[in-house]
Amino acid sequence: MAQQRISAGSRVFDFFNYFLLALLALITVLPFIHVVGSSFATSAEIARTKFLLFPTEFSLQAYKYIFSTDTIFRALGVSVIVTVGGTLWSMFFSTLTAYGLSRRDLVGRRVINFLIVFTLLFNGGMIPTFLVVQQTGLLDSLWALIVPVTINAFNMIILRSFFLNLPQGLEESAKIDGANDFSILFRIVIPISLPAIATISLFYAVTYWNTYMHAILYLADADKWPVQVLLRQIVVLASGMNYDAEAYTDVPPPEVTVKMATIVVATVPVLLVYPFLQKYFAKGALLGSVKG
Amino acid sequence: METTTLTAKEEAKQVKKMKRSETWRRVKRNKMIYLMILPGLIYFLIYKYLPMYGLIISFQDYKPYLGIFGSEWVGLEHFNRLFTSSEFWMIFKNTLVLFGLQIFIYFPIPIIISLMLNEVRHSFFKRGVQTLIYIPHFMSWVVIVSISYVMLTLDGGIVNAILETLGFQKVNFLLNDDWFRPMYILQVIWREAGWGTIIFLAAITAVDPQLYEAARMDGANRFRQMWHITLPAIRNVIIVLLILKIGDVLELGFEHVYLLLNSSNRNVAEIFDTYVYVAGLQQGQFSYSTAVGFFKGAVGLVMVVFANWLAKRFNEEGIY
């Protein structure tokens, strides 16, 4: 086919389009660069040059400061436990449920699906849920960050759509060979569904790492706070401006670099898995749009 | 020979019986599958449906030591209190304004970005932009709000430093009720606009390239191609997402708003979720705050059903 003639108007269009998109991408990440850059700067340089992207004097003093107490280690430890444990826990139950509901010959499948989808449209709300968490004895335990969010209905639906699209003959032939449903799931279905399993695991992991609301709702004991709660504390510490800051007014406010470094520490794990996330997530997010 | 003598009624009975035993056989054959979904079902019953049952405390004067069965019934007292409270209209208005910002300002942005990305011919550039604009979606609200906080703060914040250098007055963004709404929607755009493009971009890939060629033959420029080909092609997706967004009318993000809320901007920032949290968990008014949450949830449910009905009326595909 002959090369299309590119009109002048089209060139102008392209120029502005590329320019605006590049600008958009830049604006999106600039705040992150500012924070990372500032976290490695000395306090003196921060005070001198206000709009800092890359420090001229490289300093680890902020990181030394935050890692000098065991507060952040404890918070990171809690977050790691909740993220790893929670992801395994959620994946286990989500996969079992999703696979079960992907079986077309299951009696009552429609009703159960509806019951699950309905929870996306309506729920009991914060207080009744809190009371259930309390009644089930989870308050002030790390389980409170995991058990009440065992299955995310969206994630479960994504997995189920994936299982629904697997070739049916596979299961049937295994069944003829005498395999039971559990061994079909664990020996055949899961191994061929690894991309979907990886996507959903990463979604769960990011959600668990970012957990904040459930921690402030269910955990009164500061030793059990995950890193997001600690970050919140350190950043608005002693400003007394937010409802939740009242308790910490007797501690002097940390330096700007310390705040920046804490943000980085709370963010880095997500950035580390980001390349893996990116490899799969578009596919995963699209599966989610397949109707239930 | 006997079957021919059966009456129609008996025959129907027989069929029903056979169907029932067939169903029973299918249930028995799948007993392991039921075992698999049982824990999931128990989870949904306990942590999703039990709280719905717990909504009845909004009609009671719930006392933790008396429990649901021992607490006194008060009818609609809490709802009356809510609707006659001077705070109700403030919260209602705040919620509605943030919802309006979400629909009219945030919602079109991912669509525009998708259209722009679709016009990019160099795939490395397209992928690069996508990689960068998806990042904030994976950051917690705490991180998003914290970064905004260190950048917007009065002393040492980069934004105020720039304003000062340019000769403007410093602005206390964080404690100013005029700045709460712009800050809220900018943070929503920052975190979600990039990620929001995924679904539109996917819908765009389904467009037949021949359509563009035909349009070019007819002399349509790039804007006209976007307007007359790309946009109509993703119309269904736009409508479905709009319905979902409308259904989320009151889900403005407890975490996000709560993190921005302070006593100086409360008059514009307090929404139903934050009000429920403060009244319920900080002040211990369980029944009253449950009533507030119930009202919010019911409005949300009505809205999503209504939006879905509306879409179907206009001959669009609904979401259920």
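## Burial and overall make-up of chain A

In this predicted model, buried residues account for 36% of the 292 residues of chain A. Chain A holds 13 helices and zero strands, and its elements, read from the N terminus, accordingly run α-α-α-α-α-α-α-α-α-α-α-α-α.

## Confidence in chain A

The mean pLDDT of chain A is 85, with 87% of its residues reaching 70 or more. Within chain A, confidence is lowest in α2(A), where the mean is 77, and highest in α4(A), where it is 96.

Two stretches call for caution. Over residues 238-251 of chain A the pLDDT stays under 50, although the model has 24 contacts for them beyond four places in sequence; over residues 288-292 of chain A the pLDDT is likewise below 50, and this stretch has eight contacts in the model beyond near neighbours in sequence. Where pLDDT is low, the predicted coordinates should not be read in detail.

## The two domains of chain A

Chain A is divided into domain 1, residues 8-59, and domain 2, residues 65-287. The contact between them takes seven residues from domain 1 of chain A and seven residues from domain 2 of chain A. On the side of domain 1 of chain A that touches domain 2 of chain A, the elements giving two or more residues are α1 and α2 (43-48) of chain A, and α1(A) gives the most, with four residues. By class, this side of domain 1 of chain A has four nonpolar, three polar and no charged residues.

## The contact between chains A and B

Between the chains, 76 residues of chain A are in contact with 76 residues of chain B. The side of chain A that touches chain B draws at least two residues from each of α1 (8-39), α4 (71-101), α5 (109-121), α6 (126-135), α9 (181-192), α11 (213-218), α12 (227-236) and α13 (256-287) of chain A. Of the elements of chain A, α1(A) gives the most to this side, with 14 residues; by class, the residues of the side of chain A that touches chain B divide into 49 nonpolar, 21 polar and six charged.

## Nonpolar cores and I263(A)

The largest nonpolar core has 120 residues, of which L159(A), L230(A), L231(A), I263(A), L260(B), V276(B) and V292(B) touch the most other members. Leaving aside residues up to four places away in sequence, I263(A) touches V35(A) and L231(A) as well as V143(B), S146(B) and I147(B). A second, separate core of eleven residues includes I199(B), A203(B), I246(B) and V304(B).

## Helix α8 of chain B

The residues of chain B that I263(A) touches, V143(B), S146(B) and I147(B), are among the buried residues of α8(B). Helix α8(B) is mostly covered, since ten of its twelve residues are buried: W141(B), V142(B), V143(B), I144(B), V145(B), S146(B), I147(B), S148(B), Y149(B) and M151(B). At 1.5 Å a residue, the twelve residues of this helix, 141-152 of chain B, should span 16 Å, and the end C-alpha atoms are 16 Å apart, which agrees.

## The two domains of chain B

Chain B is divided into domain 1, residues 2-73, and domain 2, residues 86-143 + 176-313. Taken over C-alpha atoms, the centres of domain 1 of chain B and domain 2 of chain B are separated by 36 Å. Six residues of domain 1 of chain B are in contact with five residues of domain 2 of chain B, and the side of domain 1 of chain B that touches domain 2 of chain B has three nonpolar, two polar and one charged residues.

## Two local sites in chain A

D140(A) lies in the loop between α6 and α7 (153-164) of chain A, and its phi is near 65°, a positive value in a residue other than glycine. Most residues other than glycine have a negative phi. With 13 other C-beta atoms within 10 Å, D140(A) is partly exposed.

The C-alpha atoms of I216(A) and P226(A), which are ten residues apart along the chain, are separated by 9.8 Å.

Note on methods: Residues are numbered from 1 along each chain as its sequence is written. Chains are lettered from A and ligands numbered from 1 in the order in which they are written. This is a predicted model: local features need pLDDT of at least 70, side-chain atom pairs count only at pLDDT 80 or more; totals for chains, interfaces and linings use all residues. Two residues are in contact if their C-beta atoms, placed from the backbone, lie within 7 Å. Ala, Val, Leu, Ile, Met, Phe, Trp, Tyr, Cys and Pro count as nonpolar, Asp, Glu, Lys and Arg as charged, and the others, Gly among them, as polar. The expected span of a helix is 1.5 Å times one less than its number of residues. A residue is buried if 20 or more other C-beta atoms lie within 10 Å of its own, exposed if 12 or fewer, and partly exposed in between; C-beta atoms are placed from the backbone. Domain bounds come from an automatic or database domain assignment. A nonpolar core is a set of buried Ala, Val, Leu, Ile, Met, Phe, Trp, Tyr and Cys residues joined through C-beta atoms within 7 Å. pLDDT is the predictor's confidence in each residue, from 0 to 100.
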